[in-house]
Amino acid sequence: MSARPLLVIDTATTHAVIALGAADGSLLEQRRWEAGYRHGEELLARVAGLLADRGVAAQELGGIIVGTGPGAFTGLRVGIATAKGLAHGLQVPIVGLATGAALIRAAAAASGTGAEHLVLVQPAGPSDRVVSRVGQPARILIGGAELPLADDDCLIAVDLAGRAPDDATRLGEAAADGLAAALLATGAARLAAGDADDLARLVPEYVTLPRGVRLDAPDEGVVVSGGKGSGL
Amino acid sequence: MSGPLLLAIESSCDETSIAIVEDGRRIHANIVASQIALHGPTGGIVPEVAARAHLRWIVPVLDEALATAGVTMADVDGVAVTYGPGLAGSLLVGVNFAKTIAWVHGKPLIPVNHLEGHVYAGWLLDPGEAEREEPPFPLIALVVSGGHTFLVEMRDHLDYRYLGGTIDDAAGEAFDKVGRLLGLGYPGGPEISRAADRATAHNRVFPRAWMPGTYDLSFSGLKTAARRIIAQARADAGLPADEREGDLPEAAVAELAWGFQDSVTDVLTRKTIHAAEAVGARGIVLGGGVAANGALRRRISGEAEARGIAMVIPRPGLCTDNGAMIGAAGARRMAAGLRAGLDLDARPSLPLARPVAK
Ligand SMILES: [Zn+2]
């Protein structure tokens, strides 16, 4: 197993996070900032700054771990395009992990609650919300639809300040703070097991798409021309 | 040749393309992953789907470009990338990928305007193609595509004087719309061109918007007129008004396609020739997806040649969006000292203007 440090990127929420971790999955340093819609201007410069401050050359990295959402489209595109550029340029493996599941794990760690009772809610556009539970695909809630909650469910609200109960917002902040560590722990374990993702096929999780647009089969409908046809 | 070797990335709309171009002219590789069939069922581009397809294809397209050119990143002297105008989500993918690989490999990053890319396609040489003269200055460039239709004057490299352009729809949009009305597939340009070639009668006259005294263009009135003319043709053929309920006879479709195409071609050609004469242009460069249209190519070439103006029209595959054209423009920008930093961001509404080095 490589002992080289790992880089974590997650741009699915309004607070972008980058982190440097050890190969065993322990967190060395994370940096979070409110990115708004400026991920594109800031992400790579922040990555370069983190590595420089820690005295790590990009070429020393042993793998890239990237959050794949669900979340805001702009951030996810910047994050995944940057992660792909790093993995390709450095010729290191990449692991894409669902941001929602990592936020739930982080909330469970912060609150001591079992993850099976945690329900994550994030905004999806101006009026809809995305609901995630461990082991279930994320679901969209249209407009002001009632959250499907059981009595012992505990709510985690991320990026919904003022639109969710205070304790849910506090747990959401704790989850966001623990996001990098949660991604790192899972990602490092997968990298150590040789379980990297296909760099070409890694794409963001889309929960919200315009009505009538199909989610599946991203490989279909694209025709590649101009090459010698080696391995496409 | 000994000019710089650029890796050039284009992702502004629905084509993921990466090219290797030497000295701003010679193509070593130009890989295009086209999403046309992906967006066919929706009859137009869905931006979210386009951005995800860019993320899906950008790495294999890069690998294919390097393999086809037989080079590695170590051989490359710089990375050029389209940073606008275009769809925000699509641009973000190419810009951030380009920035990252340029940074990792320690190469200069050159930001390129997509529109100047269409102009600079006129400088490109295919692998193995014989050397030929560069387009001569001063020149007039007509860029016509699904998103853009405009005329610029260039007296030197990277020096653009906007003369006029569409005040409403791009010409390519009108082709798409009329293609739909005629029951043809998406995109409309190639379909209308094919149908028009089959026309045996050429007496359908569609209106022309001349916009006198300007180099501006307008296609919305033509679209409205086309709707009316096609509705009348359907009524004459005893068909219901909805184009999905029964097709016009093939001969009628061909005649109508020809009439519409002739209107667009006529206006674009006359405006361009007028501009060229007014500024004393020695050359005309045609670019953009609609420049793949055979009737427009023949008509404008004939008029230019009759006046002794050098006509440059890239082959159709270099008129539609591609990375090589970004490499051609990128080389000129690189020579002018233009570089971008790690903070380069997508600029969806970037205007075409002379770039200024920071
Ligand atoms: Zn274009």
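At 30% relative accessibility, Asp159(A) counts as partly exposed, a label for anything between buried (under 20% relative accessible area) and exposed (over 50%), worked out with a 1.4 Å probe and protein chains only. You'll find Asp159(A) in the loop between strand S9 (154-157) and helix H4 (166-177) of chain A; helices (H or I, at least four residues) and strands (E, at least two) are DSSP runs, numbered from the N terminus. Asp159(A) isn't a glycine, yet its phi is positive, about 60°.

Before going on, a word on what you're looking at: this is a predicted model, where local features need pLDDT of at least 70, side-chain atom pairs count only at pLDDT 80 or more, and totals for chains, interfaces and linings use all residues. Residues are numbered from 1 along each chain as its sequence is written, chains are lettered from A and ligands numbered from 1 in the order in which they are written, and side-chain values use heavy atoms, with hydrogens and water left out.

Chain B has an aspartate with a positive phi too: Asp23(B), at about 60°. Asp23(B) sits in the loop between strand S2 (15-22) and strand S3 (26-34) of chain B, and at 33% relative accessibility it counts as partly exposed. Most residues other than glycine have a negative phi, and most peptide bonds are trans.

On the peptide-bond side, chain B has a cis bond joining Gly84(B) and Pro85(B), with omega about -10°. Pro85(B) is in the loop between strand S4 (78-84) and H3 of chain B. Another cis bond joins Phe137(B) and Pro138(B), with omega about -5°, and Pro138(B) belongs to the loop between helix H4 (114-120) and strand S6 (139-144) of chain B.

Now step back and take in chain B as a whole. It holds eleven helices and ten strands. Its radius of gyration is 21 Å, close to the 21 Å that the globule rule gives for 358 residues, so chain B is as compact as a globular protein of that length; the radius is taken over C-alpha atoms, and the rule is 2.2 Å times the number of residues to the power 0.38. The C-alpha trace spans about 65 × 45 × 35 Å along its principal axes, and buried residues make up 61% of the 358.

At 0% relative accessibility, Leu6(B) counts as buried. Leaving out residues up to four places away in sequence, Leu6(B) touches several others, including Ala19(B), Val79(B), Ile110(B) and Met334(B), where contact means heavy atoms within 4.5 Å.

Finally, see where the two chains meet. The axes of helix H1 (residues 39-54) of chain A and helix H3 (residues 88-105) of chain B come within 10 Å and cross at roughly 25°; axes are lines fitted to C-alpha atoms, for helices over the stretch in contact, and angles run from 0 to 180 degrees between N-to-C directions. On the H1(A) side, Gly40(A), Glu41(A), Leu44(A), Ala48(A) and Leu51(A) meet Asn96(B), Lys99(B), Thr100(B) and Trp103(B) in H3(B).
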